[in-house]
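I have a new structure open and my notebook beside it. Here is what I looked up, entry by entry.

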Amino acid sequence: MDKKFFDYIIHGGDYNPDQWINTPEIWDEDMRLMNLANVNSATVGIFAWSMLEPEEGVYNFEWLDEILDKLHANGKDVILATPSGARPAWLAQKYPEVLRVNENGIRNEYGVRHNHCLTSPVYREKVRKINTLLAERYKNHPAVKMWHISNEYCGECHCELCQEAFRDWLKVHYESLDELNEKWWNGFWSHKMTDWSQINSPKDRGENHVVAMKLAWRRFVSDSHISFYENEIAPLREITPDIPITTNFMRMYDGIDYQDFAKHLDLISWDNYPAWDKGENADEALEAAFVHDTFRSMKDGQPFFLMESTPSIVNWHDVNKIPKPMRQAQSSIQAVAHGADSVQYFQWRKSRGGHEKFHGAVVDHCGHENTRVFREVSKLGADLQKLGGAVGKGYNGKVAIVYDWQNKWAVDVFCGYNNTKRNYLAECLKWYRPFYERGIAVDIIPMDGDFAKYDLVIAPFLYMLKDGTIDRIEGYVRNGGKFVGTYLMGIVDKDDLCYLGGFPAGKLKDVFGLEVEEPDSLPEGMTNTVSCNGKNYTVVDICDILHTTSAQTLGSYKADFYKDTPAVTVNSYGKGKAYYAAFANGGDFMTDFIRDIIADLDLGAPAFEIPDGVSVRKRGDLTFILNFADEERTVTLDKEYTNLITDEKITEITLPTCGYAVVE
Ligand code: GAL
């Protein structure tokens with residue numbers, strides 16, 4: 001889905017002039033340097049509350065007026081932040097209830113950031129007030145083009161207010177205590193609740209074995225963040241209805257259901273910090289691609305913003321190795337290939353003191369432009385100016401992989417089968433790789449996404465099913481879709497109650513034409529083999545032992561007491577096909593299997609060979625080619641293209657490691 005917020009790719013990042021309030025000459029120098037760096041925007045005010053309201057009810061916006069005017073005079077767009085991510089000391093001192101309480105019931109002292117209660121009425125009111133004042137003051141400022149709400153919402157609070165809010169949440173989501181007891185299977189270990197007040201948040205020293213309750217708590221925490229955000233944005237929606245709103249997500253952070261939160265944002269933005277040049281870059285690129293696709297898919301293919309990335313190093317890895325020259329530029333171009341309409345950094349200028357003073361920035365402590373990092377940022381800025389054709393162009397793949405935030409929660413918390421080897425994201429990445437390596441766009445969707453849009457839907461490890469999922473899978477396949485399920489599929493409902501009557505749940509048995517009898521778990525070092533289409537594949541960690549009813553067997557186990565029983569099946573159901581891959585594998589099986597099942601589909605793969613380590617992605621009329629291999633790679637194109645970066649006509653291109661080209 002196309003959607004344009006700017007007419008060009010935004011290039012800028014977190015800018016903290018509030019830290020340099022006593023050296024105004026630095027502000028002017030920043031303007032000069034931003035122009036040199038081909039930076040066209042700045043994200044201002046993220047953690048500036050104590051500068052904006054130094055004492056309760058005493059406001060100081062003059063510095064912000066001045067910097068916004070300066071930025072505007074220099075042709076920069078401003079993404080204006082609300083400051084709730086960190087608070088002034090006076091606020092915490094006067095209203096201790098705003099501080100977070102840990103799971104042991106101990107209230108944090110003032111300090112760090114993201115240290116606030118999500119429920120506290122006082123904090124919500126204070127946030128609303130400061131946001132109202134920001135919106136009133138800057139509603140007509142010509143530089144202000146977007147709202148950046150808070151920063152990386154995360155964490156949870158266990159204070160009494162939150163406990164009470166949790167109980168209220170439960171009362172909305174369960175009709176009665178009896179229903180809750182039934183759904184949480186509280187007859188087990190004598191856990192029947194007789195009063196709502198007996199329910200507390202999960203914790204190590206208290207209740208931590210009622211899986212349904214843990215899932216409910218995670219849903220509650222996620223909803224609390226969203227309601228906190230709704231409180232933050234209410235005045236902005238009212239006072240500045242035309243300014244789009246986003247908040248920056250943190251990769252696949254699972255403390256909040258981002259797929260749900262996404263519905264409340266005008267656009268998605270996220271902070272990307274891959275660990276480049278420390279291991280296998282091609283794998284790092286694949287994972288970054290998956291995350292970009294996840295965020296692009298959250299609003300039906302609409303472009304998203306790369307809100308943060310480092311122009312050089314971070315400071316929070318154990319060892320902060322400098323990535324190779326131009327790696328960060330390549331990483332930024334990769335984001336644009338996958339749908340980003342911005343490349344933004346944390347941070348514009350290194351802070352002089354504090355926890356992040358050694359974190360990469362466009363402007364180093366030296367303060368001048370004569371650095372490798374600065375030159376690379378300027379070069380990238382110039383390159384981005386040539387990619388105007390991408391701006392606003394959204395896109396969808398014809399294949400979807402189901403990665404569902406709530407399924408991740410459920411997979412992480414259950415006890416049983418293989419408790420040591422259980423990585424939902426890693427499983428999804430294995431199914432993503434065969435498409436990624438062929439340059440085929442894949443959407444990453446929740447289980448309640450719209451399957452009908454896709455020629456093929458793959459749902460790895462879909463252990464928990466939200467209400468309605470069984471019918472939706474059944475309808476999709478009946479109407480002609482191709483669906484791939486894997487081991488441990490359709491085991492529990494959203495409250496972690498096992499489906500009765502055989503697995504996978506309900507009529508999924510008919511859709512797949514099989515019934516799973518027993519999942520087997522393989523200890524580290526122990527394997528089985530599956531033979532499928534004349535090739536052998538290693539079984540690791542876990543596999544289902546099953547019998548078919550109507551499915552055709554494509555592959556079988558070769559060892560153990562279930563030797564010669566089905567491990568890979570396909571079932572024709574209605575107009576579609578349902579495939580079942582019953583075992584975990586390192587990835588070679590997925591590559592071959594996907595090749596076979598997509599042979600009759602046109603999924604929009606590029607019409608040229610993609611060498612090993614190279615990633616190709618089409619966005620609108622542009623094709624992005626990125627070399628993540630450690631040596632140079634030559635790509636022979638299917639026809640003549642214009643290389644937009646160099647403005648040359650080419651039919652072949654040789655890229656060094658970290659190299660990128662965008663061709664049209
Ligand atoms: C982000 C955060 C930034 C900065 C950055 C450092 O997660 O939003 O404020 O701390 O990390 O990498």
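Predicted model: local features only at pLDDT ≥ 70, side-chain atom pairs only at ≥ 80, totals over all residues.

Which residues make a nonpolar surface patch of about 420 Å²? I found Trp185, Phe188 and Trp189. Residues are numbered from 1 along each chain as its sequence is written, and side-chain values use heavy atoms, with hydrogens and water left out.

**Entry: the patch.** I checked how a patch is built: its residues have over 30% relative accessible area and no salt bridge, with like charges joined within 9 Å and nonpolar side chains (Val, Leu, Ile, Met, Phe, Trp, Tyr) within 5 Å. A salt bridge is a side-chain nitrogen of Lys or Arg within 4 Å of a carboxyl oxygen of Asp or Glu. The areas come from the Shrake-Rupley method with a 1.4 Å probe, and for residues only the protein chains shown count as cover. I then placed tryptophan 185 in the loop between helix 7 (177-183) and helix 8 (211-239). Helices (H or I, at least four residues) and strands (E, at least two) are DSSP runs, numbered from the N terminus. Tryptophan 185 counts as exposed because its relative accessible area is 53%; the scale is buried under 20%, exposed over 50% and partly exposed in between (1.4 Å probe, protein chains only).

**Entry: helix 13.** Is helix 13 (residues 405-413) enclosed or open? Seven of its nine residues are buried, so helix 13 is largely enclosed by the rest of the structure. Among the buried ones I noted Trp405, Lys408 and Trp409. I also looked up what covers them: the list includes helix 8, helix 9 (258-261), helix 10 (281-298), helix 14 (424-437) and strand 13 (464-465).

**Entry: aspartate 293.** This residue sits in helix 10. Aspartate 293 is buried because its relative accessible area is 0%. What does aspartate 293 touch? Leaving out residues up to four places away in sequence, I listed His338, Tyr395, Tyr432, Val442, Ile444 and Arg617; a contact means heavy atoms within 4.5 Å.

**Entry: cysteines.** How many disulfides does the structure hold? I found zero, counting a pair of cysteine sulfur atoms within 2.5 Å as a disulfide. Cysteine 498 is in no disulfide either, and the nearest cysteine sulfur, that of cysteine 415, is 12 Å away. Cysteine 154 is buried at 16% relative accessibility, whereas cysteine 498 is partly exposed at 49%.

Entry: I noted a cis peptide bond between phenylalanine 346 and glutamine 347, with omega about 20 degrees. Glutamine 347 is in the loop between strand 9 (340-345) and helix 12 (372-385). Another cis bond runs from phenylalanine 503 to proline 504, omega near -5 degrees. Aspartate 300 is not a glycine, yet it has a positive phi of about 55 degrees. I found aspartate 300 in the loop between helix 10 and strand 8 (304-308).
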